[in-house]
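Hi,

Here is the structure I promised to pass on.

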Amino acid sequence: MAKKTNLIAEFPIRKLGVRNFRRWAFNTVKTAITSNSKDIILAPFSSVFYATFACNLNCIYCDHPDVRAKYIKKLDTPKTLSLIEKMYSPGTFLTISGGEPLIRTDLPEILQKCRSVGFRPIFLNTNAYSIDNEIGKGSIKLVDYVSVSLDSMDSSKWDNTLRRPGASERIVSNIEHLIRERKKYGIEVLVNTVITPESIKEVYGVIEFCAKNSVQVNLGPVDVHGMPDSRLRNNEEFRKLMQDLIKMKKERSAPIASSLKYLEQVRDFSLHDCLPSLVTRVLPDGSVAIPCDPLAADRFRKYISGLNSPEDYNPREIFPYNLQDYPDLNSLLKEAYQKEGLPLCVRNTDKCFMPCHLTPTNAVKHPLDFLFSGVLSWA
Ligand code: SF4
Ligand code: SF4
């Protein structure tokens, strides 16, 4: 689900509380009165905890199960619960992601901790493959949103992407179950769709499925190591799809969660002033991806390519900021930004096209679009 995590994207704002809005409003005002994006360090209004990078699937566009999981190991349960406590800050909502979080047998315990420390709302990103087992059922009832991956309604095509025969049928059946039982579980279901050059036509079927079931869908282009897939640039078919999505959004003829601004930026691969401090990402071993996931992941890839063997991996060399070493996330972030500042790639985002950073940035830079073009307009 990691790649699809990028699509936490357009926040469904129905379940945001007063504290979440207060933090968003504070960040919006601060951004409006600070002239240079490079000077803006904001209080994160979203935290992502990658429960594990391991996964029960092996999607064609994802290197997390093969690469990240090999080096970045999860902590044991008590240490993980301590991380969750340190992550909490009033007004921050939480996404539990992966890899596939549901392969952690202690996930219900972790989610219980997330609730008891006060995180709201809580999102669970999952590929939905094992959501029907005991861990899955025990986890769902502890979250507010379940974000599931759905890239195609054609099972053989999607099986090829998932690289697990029969997986897509099982996933669709689990998603249908979740949708039917959403009231019983007290959750909202969100669909995340990754657009690849091969799956452009598949998107229409997914939207039809979501419309039929009244489920919001977030859509985003696949990235290759945090960069746009070059095959989607100057791709007429992709551009037409984005145009169609924009039209559907304007006409409210489909439950598209992504805001208009976001859809237009994705269509045009346009530049934006990135505000990476809005989202904090904590990895399974407690490392914090500073200043953002694309740059931390890039450093990580270069570092491991120079190792002779996985045993030589020293996480502190590549991720100097680990939440285990700090009393709480705020003190870690304060020290990290004091030492590192913000990345130079701000205002140069054609080198990076992570929708996960595009969306929170839009939320504070284009507040009206966030409020009126997001999920509220469909709800
Ligand atoms: S389901 Fe697993 S393999 Fe597929 S994108 Fe998510 S983490 Fe990667
Ligand atoms: S543009 Fe991309 S690489 Fe640069 S700060 Fe934002 S998320 Fe990070």
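A word on conventions: residues are numbered from 1 along each chain as its sequence is written, and chains are lettered from A and ligands numbered from 1 in the order in which they are written. It is a predicted model, so local features need pLDDT of at least 70, side-chain atom pairs count only at pLDDT 80 or more, and totals for chains, interfaces and linings use all residues.

**Confidence**

pLDDT is the predictor's confidence in each residue, from 0 to 100. The protein chain averages 87, and 90% of the residues score at least 70. Residues 4–11 stay under 50, and the model has 39 contacts for them beyond four places in sequence (two residues are in contact if their C-beta atoms, placed from the backbone, lie within 7 Å). Over residues 375–379 the pLDDT is below 50 as well, with 14 contacts beyond near neighbours in sequence. Where pLDDT is low, the predicted coordinates should not be read in detail.

**The sheet**

Helices (H or I, at least four residues) and strands (E, at least two) are DSSP runs, numbered from the N terminus. Seven strands make an open sheet, in the order β6-β5-β4-β3-β2-β1-β9, with parallel pairing; two strands pair if DSSP finds at least two bridges between them. β6 (216–221) and β9 (279–282) are at the edges with a single partner strand each, so one side of each has no neighbour in the sheet. From one strand to the next, the twist averages 20°. Inside the sheet, β3 (residues 122–126) and β4 (residues 145–149) run parallel and are joined by four bridges; N125 has S147 in β4 as its bridge partner.

**Helix pairs**

Axes are lines fitted to C-alpha atoms, for helices over the stretch in contact, and angles run from 0 to 180 degrees between N-to-C directions. Angles under 35 degrees count as roughly parallel, over 145 as roughly antiparallel, 65 to 115 as roughly perpendicular and the rest as oblique.

- α11 (residues 236–251) and α12 (residues 260–268) pack at about 170°, with axes 9 Å apart. That makes α11 roughly antiparallel to α12. R239, M242, Q243, L245, I246 and K249 in α11 meet L260, L263, E264, V266 and R267 in α12.
- α4 (residues 77–87) and α5 (residues 107–117) have axes that come within 9 Å and cross at roughly 25°, which means α4 is roughly parallel to α5. T77, T80, L81, I84 and E85 of α4 make the contact with E109, I110, K113, C114 and V117 of α5.
- α7 (residues 155–162) and α8 (residues 167–180) cross at roughly 105°, their axes coming within 7 Å, and are therefore roughly perpendicular to each other. S155, W158, D159 and L162 of α7 touch A167, S168 and E169 of α8 in this contact.

Most residues other than glycine have a negative phi, and most peptide bonds are trans. Against that background, a cis peptide bond joins G98 and G99, with omega about 25°; G99 is in the loop between β2 (93–98) and α5. Another cis peptide bond joins I290 and P291, with omega about 0°, and P291 is in the loop between β9 and α13 (293–305). S214, in the loop between α10 (202–212) and β6, has a positive phi near 50°.

Cheers
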